[in-house]
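Subject: Structure handover

Hello,

Here is the structure for you to look through. Some notes on what was found in it follow below.

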Amino acid sequence: MRTMFVTGGSRGIGKAIVEEFAEAGYAVAFTYATNEEAATHLAKCLRSRGHSVESFRADVRDYERAREVINLAQQALGPIQVLINNAGIKRDAALATMDPAAWHEVIDTNLTGTFNYVRVLMREMIRRGGAVINITSVSGQIGVPGQTNYSASKAGIIGFTKALAKEVARFGVRVNAIAPGFIESDMTAAMDEMVRKKLFARIPAGKPGQGRDVARLAMFLAEDTGNYVAGQVWAVDGGLS
């Protein structure tokens, strides 16, 4: 049984990734920031179906906690072959009015959080091979007004992915990124219907994506199907970018 680890796995895209990999026979470990109820429910449901799943509360900005939960996950489930960095936040505002704290919180969570988990695992992955998949965003590719902090953090993940891929590909470690566009979530579901229609009219496909669309691509990149793919950014955005 192979083992994978995903940050931010209790809801949205992260939850879809957890479910996809568990159903494919992986042992799965994931982190969550605050929603213990959602994390516990997800793990319990998957265990009831015979899957090996562990959840850990962690702020991805905390490097020492990253080391701790990676160690705990490997003790419980075995060596991690696949790492997916999904945890992220938004603190949208026009730059002229953006609180510096909102800038640092987004950069530290989205970009530094990605660094933390990759840094903890990379020496082991270099020894045995593996796959790293970083969840970035269409915002990091094309820029979105009111999201200078978010766009910068996600663009940073793209540069991080491309540079790291060139460092470690010769060791059998494949590093790639997925850039989702508008993905159906609790937030989009709660939007006013007129706002939703206006938003989705910008998407050539005419509709939002689903978490499983991202999860299935992550599976492709994690498996041997993606064994010659490295340093790439895969858009899952219905043609938006």
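Which residues does Phe21 touch, not counting residues up to four places away in sequence? They are Met4, Tyr26, Val28, Val82, Ile84, Ala215, Ala218, Met219 and Ala222, where contact means heavy atoms within 4.5 Å.

Before the rest, some conventions. This is a predicted model, in which local features need pLDDT of at least 70 and side-chain atom pairs count only at pLDDT 80 or more, while totals for chains, interfaces and linings use all residues. Residues are numbered from 1 along each chain as its sequence is written, and side-chain values use heavy atoms, with hydrogens and water left out. Helices (H or I, at least four residues) and strands (E, at least two) are DSSP runs, numbered from the N terminus.

Cores

A nonpolar core is a set of buried Ala, Val, Leu, Ile, Met, Phe, Trp, Tyr and Cys residues joined through side-chain atoms within 4.5 Å; buried means under 20% relative accessible area, with a 1.4 Å probe and protein chains only. The largest one has 32 residues, of which Met4, Ile17, Phe21, Ile84 and Ile178 touch the most other members. Elements giving two or more residues to this core include strand E1 (3–7), helix H1 (12–23) and strand E4 (80–85). Its largest share, seven residues, comes from H9, a helix spanning 211–222. Another core, of 26 residues, lies apart from it and has Leu77, Ile80, Val118 and Val175 among its members.

Val175 is in strand E6 (residues 173–180) and counts as buried, at 0% relative accessibility. Leaving aside neighbours within four places in sequence, Val175 is in contact with residues including Val132, Leu164, Val168 and Ala230. From Val175 to Lys198 is 23 residues in sequence and 35 Å in space, C-alpha to C-alpha.

Asn86 sits in the loop between E4 and H4. Asn86 also counts as buried, because its relative accessibility is 12%. Beyond four places in sequence, Asn86 touches Val6, Thr7, Gly8, Ile13, Gly14 and Ile135.

A helix pair

The axes of helix H3 (residues 63–77) and helix H4 (residues 100–128) come within 7 Å and cross at roughly 45°. H3 is therefore oblique to H4. The contact involves, among others, Tyr63, Ala66 and Ile70 of H3 and Tyr117, Val120 and Leu121 of H4.

Regards

Conventions. Axes fitted to C-alpha atoms, helices over the stretch in contact; angles between N-to-C directions. Parallel < 35°, antiparallel > 145°, perpendicular 65-115°, else oblique. Buried < 20%, exposed > 50% of the residue type's maximum accessible area, 1.4 Å probe, protein only.
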